[in-house]
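Please read the briefing below alongside the sequence and the model. The points are grouped by topic.

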Amino acid sequence: MKTCAFITLGCKVNQYETQAIRESLAAKGFVEANPEQAADLYVINTCTVTLISDEKSRQHIKKVRRKNPRATVVVTGCYAEADAKTIKKMDGVDFVITKAEEAHLAEIVSRDTVHRIPTQDSIYNLKISHFAGHTKAFLKIEDGCDMYCSYCIIPYVRGGIKSRRPQDILEEAKRLIQSGYKEIILTGIHLGAYGRDTQGNHRLPDVIHMLSNLSGLERLRLSSIEVNEITNDLIDLVADTKNVCPHFHVPLQSGDDYILERMNRKYTESHYVEVLDNIRSKIDVPSFTTDVMVGFPGEKDVHFDNTVELCKKVGFSRMHIFSFSVREGTPAAKMPDHCQPQIIKQRKAMLEAVANDIAFAYKKQFLNKVVAVLVEAERDHKTNQLCGYTERYIKVLFEGPEIAKNSIVSVRIEEVNPSFAMGTLQ
Ligand code: SF4
């Protein structure tokens with residue numbers, strides 16, 4: 001009986017792909033080793049979004065080789081796609097698997113050479129029925145991106161838009177519901193571009209509508225969507241469909257039009273605000289979360305101030321704040337006017353303080369309100385209380401029995417802080 005172990009870096013899509021690989025290896029008789037155990041086979045699903053991700057990927061390769069010198073080491077993921085040559089030269093790497101080959105990884109490492117040449121992109125063949133270690137399940141419906149934001153390497157490693165067939169999506173959702181998942185999170189490299197490669201045959205709102213009618217699916221969430229892809233019919237669908245979460249993760253990156261243009265982001269700050277105000281006019285207390293990058297080349301104090309002002313105006317419930325980092329191979333890497341590391345650090349700290357204040361203000365709206373919480377399988381490590389998320393993605397801690405895990409319960413919110421809320425089970 002062979003054992004295997006997985007190391008996954010990067011985004012939700014990578015986590016989904018690792019799960020698909022996990023299930024295909026299990027079908028080949030592999031058993032997952034527990035973390036302390038040295039496994040016979042290691043699969044490292046790498047990320048290349050920044051230089052640091054490349055470095056971390058290499059560190060994990062060296063670490064597993066030290067942990068079990070006789071193990072088979074398989075490297076896949078975006079860094080393997082971006083720089084297979086470097087990885088192949090590293091000591092102890094047995095297989096470098098491309099994105100297209102991922103659906104055949106189990107056969108390749110089992111040396112079933114018949115499956116060596118992939119016939120289709122793996123997006124059409126990877127599938128899951130569980131999501132190990134998670135209470136909510138990610139469902140990948142799209143791969144690739146054609147936006148070419150000037151700081152981003154992803155389109156160069158994941159290629160253009162590839163949309164999964166609605167039938168495959170439906171069957172996968174049914175498998176996940178069958179496995180007991182109450183919440184499904186639709187994900188992709190560029191989710192909002194779903195269907196763009198199908199001449200309009202398939203559209204994201206149609207997939208959402210199709211899945212929202214599945215019995216047993218209590219919540220459907222969108223992982224992230226670009227502001228230009230938020231259409232009126234999508235907003236109406238979310239407003240009118242009880243089990244679709246009123247939570248929109250809409251990457252902003254910058255609140256200044258000059259910087260947005262240098263980023264090759266295809267919207268203006270006023271358009272961004274207009275779309276979110278349109279959502280606010282149709283949905284009760286929608287939750288907006290976002291990604292913002294500080295320190296982009298050419299960013300002066302006035303540009304940064306515009307970003308701060310816009311974030312305050314929107315009132316995000318949660319912000320992911322990233323420092324610009326040079327990514328060789330992207331247009332931004334060659335741009336003049338790079339910001340001083342000290343400046344970037346200061347701006348990140350300032351924006352994090354703003355993010356805390358507005359997240360706190362957003363959560364205060366739910367004080368003394370009863371909210372629906374999907375209870376996580378793991379208790380909160382610090383307090384040992386039950387914890388879970390509302391449909392507006394607010395983390396809630398409360399006292400409660402084990403039986404409440406993986407179910408949706410009602411909790412009255414009695415206290416909030418910038419990071420989470422506390423309450424009493426009703
Ligand atoms: S939308 Fe922009 S940031 Fe996102 S993956 Fe595509 S190119 Fe990268």
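The model is a predicted one.

**Glu-183 in strand E8**

- Glu-183 lies in strand E8, which covers residues 183-188.
- Glu-183 has a relative accessible area of 0% and is therefore buried.
- Apart from neighbours within four places in sequence, Glu-183 is in contact with Lys-136, Ala-137, Arg-219, Arg-221 and Leu-374.
- Glu-183 and Phe-30 are 153 residues apart along the chain, and their C-alpha atoms are separated by 28 Å.

**Loops on either side of strand E14**

- Gln-385 is found in the loop between strand E13 (370-375) and strand E14 (386-389).
- With a relative accessible area of 15%, Gln-385 is buried, because the cut-off for buried is under 20%.
- When neighbours within four places in sequence are left aside, the contacts of Gln-385 are Arg-379, Asp-380, Leu-397, Phe-398 and Glu-399.
- Asn-384 lies in the loop between E13 and E14 as well, and Asn-384 has a positive phi of about 60° although it is not a glycine.
- Tyr-393 is found in the loop between E14 and strand E15 (395-398).
- Tyr-393 is a residue other than glycine with a positive phi, near 60°.
- The relative accessibility of Tyr-393 is 25%, so Tyr-393 counts as partly exposed.

**Helices H12 and H13**

- Helix H12 (residues 301-314) and helix H13 (residues 341-364) have axes that come within 10 Å and cross at roughly 15°.
- H12 and H13 are therefore roughly parallel to each other, since angles under 35 degrees count as roughly parallel.
- The crossing of H12 past H13 is right-handed.
- On the H12 side, the contact is made by Asp-301, Phe-304, Thr-307, Val-308, Cys-311 and Lys-312. On the H13 side, the contact is made by Arg-347, Met-350, Leu-351, Val-354 and Ile-358.
- Seven residues of this contact between H12 and H13 are nonpolar, one is polar and three are charged.

**Helices H11 and H12**

- The axes of helix H11 (residues 269-282) and H12 come within 11 Å, and they cross at roughly 10°.
- That angle makes H11 roughly parallel to H12.
- From H11, the residues Glu-269, Tyr-272, Val-273, Leu-276 and Arg-280 meet Leu-310, Lys-313 and Val-314 of H12.
- The contact of H11 with H12 has five nonpolar residues, no polar ones and three charged ones.

**Surroundings of the ligand**

- The ligand is surrounded by Cys-145, Met-147, Tyr-148, Cys-149, Tyr-151, Cys-152, Ile-154, Pro-155, Glu-226 and Arg-265.
- Eight residues of the shell around the ligand are nonpolar, none is polar and two are charged.

Note on methods: Residues are numbered from 1 along each chain as its sequence is written. This is a predicted model: local features need pLDDT of at least 70, side-chain atom pairs count only at pLDDT 80 or more; totals for chains, interfaces and linings use all residues. Side-chain values use heavy atoms; hydrogens and water are left out. Axes are lines fitted to C-alpha atoms, for helices over the stretch in contact, and angles run from 0 to 180 degrees between N-to-C directions. Helices (H or I, at least four residues) and strands (E, at least two) are DSSP runs, numbered from the N terminus. Angles under 35 degrees count as roughly parallel, over 145 as roughly antiparallel, 65 to 115 as roughly perpendicular and the rest as oblique. A crossing is left-handed if the near helix is turned anticlockwise from the far one by less than a right angle, and right-handed if clockwise. Contact means heavy atoms within 4.5 Å. Ala, Val, Leu, Ile, Met, Phe, Trp, Tyr, Cys and Pro count as nonpolar, Asp, Glu, Lys and Arg as charged, and the others, Gly among them, as polar. A residue is near a molecule or strand if one of its heavy atoms lies within 4 Å of it. Buried means under 20% relative accessible area, exposed over 50%, partly exposed in between (1.4 Å probe, protein chains only).
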